[in-house]
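Let me put the sequence and the structure up on the screen, and then I'll walk you through them.

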Amino acid sequence: MFNRRDKIIKKDGSKPTDLEEDVAKAISSLESSNKAQKAHLSIIFINSVENVQFEQADHTSAEYLLVRIPHRSHGAFKKVGGLVQEKLEQSFEKPVIVVANRTIISPSAIHHPSQMRPRSRTLTAVHKEILNDVVFPSNISGRSTRVTLDGKQHQKVLLDPLDKEIIENKVDAIVHCYHKITTHKIALGFSKPTHFQQKIIDSRAAKN
């Protein structure tokens with residue numbers, strides 16, 4: 001029998017929502033049916049699940065699932081995250097974005113003089129890791145920042161061109177999710193494929 005406490009961790013002790021229980025059940029089901037990856041799947045927990053509505057670039061309305069997991073589950077998720085995302089997207093028929101919860105330590109936080117603030121807890125480092133999370137399973141292959149005359153920064157992020165087929169339909173959701181979490185706007189694109197990458201892309205197209 002499924003026990004929601006096996007997969008859902010709520011720091012404030014609140015009752016899980018029906019959506020969170022459904023996501024937990026889907027992950028638990030994947031764990032039961034995949035013996036080869038059970039060791040990794042067994043340590044993936046969820047903190048919260050949110051159904052987010054947003055407006056796409058063509059001004060149509062759409063939805064995606066934002067799943068927050070504990071940072072201690074992040075290492076395991078990186079190894080089997082593709083399976084988890086595929087299972088959840090099949091179950092809920094919408095894009096799924098999984099982000100690990102991280103703690104930002106302010107430079108003005110009171111601490112012992114002998115203690116230094118971990119670099120991984122700075123605002124810049126946390127936002128960088130969040131960006132890596134939201135574009136998963138793709139990888140970032142390039143970045144550029146343009147500063148306008150009024151001082152505003154516009155960041156463009158380039159992804160692996162080999163992942164275009166699986167990421168292209170999620171681009172608007174990824175951009176919205178990153179802005180929702182960090183308040184920073186980004187533009188997403190794909191790097192120009194190398195000669196070797198172009199051969200792989202052409203080979204995939206020929207098979208289809």
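A word on naming before I start: helices (H or I, at least four residues) and strands (E, at least two) are DSSP runs, numbered from the N terminus. What you see is a predicted model, in which local features need pLDDT of at least 70 and side-chain atom pairs count only at pLDDT 80 or more, while totals for chains, interfaces and linings use all residues. Residues are numbered from 1 along each chain as its sequence is written, and side-chain values use heavy atoms, with hydrogens and water left out.

First, the overall layout. The protein has 7 helices and 6 strands, and from the N terminus on they come in the order α-α-β-β-α-β-α-β-β-α-α-β-α. Of its 208 residues, 36% count as buried; buried means under 20% relative accessible area, exposed over 50%, and partly exposed in between, with a 1.4 Å probe and protein chains only. As for contacts, meaning heavy atoms within 4.5 Å, take those between residues at least 6 apart in sequence: 61% of them join residues at least 24 apart.

Now to the strands. In general, strands of a sheet pair through backbone hydrogen bonds, either parallel or antiparallel. Here, two strands count as paired if DSSP finds at least two bridges between them.

Let's begin with β2, residues 61-69. Strand β1, residues 48-55, pairs with β2 in the antiparallel sense over 8 bridges, and one of the bridge pairs is Asn51 with Leu65 in β2. Parallel pairing links β2 to strand β3, residues 96-100, over 5 bridges; there, Leu65 stands opposite Val96. So what about burial of β2? Since 7 of its 9 residues are buried, β2 is largely enclosed by the rest of the structure.

The β1 and β2 pair makes a hairpin with 5 residues between the strands. In that loop sits His59, which has a positive phi of about 70 degrees although it is not a glycine. His59 is exposed, at a relative accessible area of 62%.

β4, β5 and β6 form an open sheet of 3 strands, in the order β4-β5-β6, with mixed pairing. β4 and β6 stand at the edges with a single partner strand each, so one side of each is left without a neighbour in the sheet. From one strand to the next, the twist averages 20 degrees. Between β4 and β5, which run antiparallel, there are 7 bridges, and Thr145 has Gln155 in β5 as its bridge partner. Helix α4 lies across β4, β5 and β6, running at about 125 degrees to β4. For the angles, axes are lines fitted to C-alpha atoms, for helices over the stretch in contact, and values run from 0 to 180 degrees between N-to-C directions.

On a 1 Å grid over the protein atoms alone, a cavity is a set of points where a 1.4 Å probe fits but cannot get out, a pocket is an open set with protein on both sides within 12 Å along at least five of seven lines, and lining residues have an atom within 4 Å of a point. Grid points are joined across faces, edges and corners, and a volume is the space filled by probe spheres set on the points.

How much space lies in the largest pocket? About 550 Å³. It is lined by 20 residues, and Gln153, Gln155, His184, Lys185 and Ile186 lie nearest its centre. Helix α4 gives the largest share of that lining, 5 residues. By class, the lining has 6 nonpolar, 8 polar and 6 charged residues. For the classes, Ala, Val, Leu, Ile, Met, Phe, Trp, Tyr, Cys and Pro are nonpolar, Asp, Glu, Lys and Arg are charged, and the others, Gly among them, are polar.

The search also finds 1 cavity of 30 Å³ or more.
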